[in-house]
Amino acid sequence: MPDRAITELTITRPDDWHLHLRDGAMLRAVLPETTRHFERAIVMPNLVPPVVTAADAAAYRDRIMAARPVGSNFTPLMMLYLTEDTDPDDVEHAHASGIATAVKLYPAGATTNSSSGVRDFDKVRPVLDRMAEIGMPLCVHGEVTDSEIDIFDREAVFIDRVLKPIRKKNPDLRVIMEHVTTEDAVDYVRDNRKNLAATITTHHLIINRNHVLAGGIRPHYYCLPVAKREKHRVALVQAAISGDKRFFLGTDSAPHTDANKLQSCGCAGVFSATNTMSCLAEVFEAAGALPKLEAFASLNGPAFYGLPANTDTITLRKGDPIAYPDHIETGDGPVTLFDPGFPLHWHIET
Ligand SMILES: NC(=O)N[C@@H](CC(=O)O)C(=O)O
Ligand SMILES: [Zn+2]
Ligand SMILES: [Zn+2]
């Protein structure tokens, strides 16, 4: 039953546990879209070249801080991009000095700018062992890259072939499966109580693969992992609204210019920073779960990362449909905003 009776909701200010801010002109254009509603975000390290060392992360953090809008208290939480050459001592230094919050595992070739990622998972074992020892979380893009595995099966196969062996060898490692898209991933996280959590994106709560492919190809809905069947979207919504502490928001807002999206081989990524909170309010309202939005967007993430929840709040108020822009301008060209396909009535007051 939808929550029609609730028209106003005040929640702890949310955080985004999976965000792409890019760099340079794109960073300057997209950062205010996140800082308007969010207090903190885990910033993905897949720049070109990637953010690999503690020094890279410190320099990138400085560039983000310098790009913050005037008056913003936004805190970027930095992440190191795991390569086969990553030095465990540098990772420990980044963690101990507060420069980096987590490490990101991209299987080589799995997604945008992942060519420096991991091919041989045994080569990164010393880093993973050290992370388990010091309590530093590992975030994973959970898709295998083998060309013979169907793209719709790559997440489920990754769980069996890569994630299970890593977690078996390293049960103390805290792992976050990023942007889960399948019932299989939801079940795997639910069945494994210890040291495992998952982020869910806004768009995967709203679109299934028909939205991408039926009645014409929709490049702005193309992202990785690619949206799956409707039953998987429903499983993601159930996980998000459950209040289960192991599921939390990571928007995976991933800006690409329209020029890079709209071509014969277009980039993967959905840009949703601007309207994410309004979209989520619609999803939770439709599911009769508005009171669970705070756990998903503001409480479960910091709890898993061992950080305090924010002390500030935002208020969501239901009103006339909001006229969000269909794109934002950046120095690199326009970036199209995620279109949920339904009107957004929830205004965000900060
Ligand atoms: N999700 C995406 O489709 N794209 C992300 C990369 C990622 O998170 O896998 C990007 O950097 O553009
Ligand atoms: Zn990813
Ligand atoms: Zn991402």
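Start at Asp16: its bridge partner in β3 is Ala41. The chain gets from β2 to β3 by way of helix α1 (residues 24-35), and this β-α-β crossover is right-handed, meaning that with the strands pointing away from the viewer, the path from the first strand over the helix to the second runs clockwise. Helices (H or I, at least four residues) and strands (E, at least two) are DSSP runs here, numbered from the N terminus. β2 (residues 16-19) and β3 (residues 40-43) run parallel and are joined by two bridges; two strands pair if DSSP finds at least two bridges between them.

A word on what you're looking at: this is a predicted model, where local features need pLDDT of at least 70, side-chain atom pairs count only at pLDDT 80 or more, and totals for chains, interfaces and linings use all residues. Residues are numbered from 1 along each chain as its sequence is written, while chains are lettered from A and ligands numbered from 1 in the order in which they are written.

Now zoom out to the sheet. It is open and has eight strands, in the order β2-β3-β4-β5-β6-β7-β8-β9, with parallel pairing. β2 and β9 sit at the edges with a single partner strand each, so one side of each has no neighbour in the sheet. On average, neighbouring strands are turned by 30° against each other, direction ignored. Helix α2 packs on this sheet, touching β3, β4 (75-81) and β5 (100-105), and its direction makes about 150° with that of β4; axes are lines fitted to C-alpha atoms, for helices over the stretch in contact, and angles run from 0 to 180 degrees between N-to-C directions. Elsewhere in the sheet, three bridges join β7 (residues 175-177) to β8 (residues 196-200), with Met177 opposite Ala198.

Ala198 turns up again in the largest nonpolar core: among its 96 residues, Val43, Met79, Leu80, Val103, Leu138, Ala198 and Ile200 touch the most other members. Such a core is a set of buried Ala, Val, Leu, Ile, Met, Phe, Trp, Tyr and Cys residues joined through C-beta atoms within 7 Å. Buried takes 20 or more other C-beta atoms within 10 Å, exposed 12 or fewer, and partly exposed lies in between, with C-beta atoms placed from the backbone. Leaving out residues up to four places away in sequence, Leu138 touches Ala102, Val103, Leu105, Leu128, Met131, Leu173, Arg174 and Val175; contact means C-beta atoms, placed from the backbone, within 7 Å.

Finally, the loops. Asn46, between β3 and α2 (54-67), is buried, with 22 other C-beta atoms within 10 Å.

Notes: Contact = placed C-beta atoms within 7 Å.
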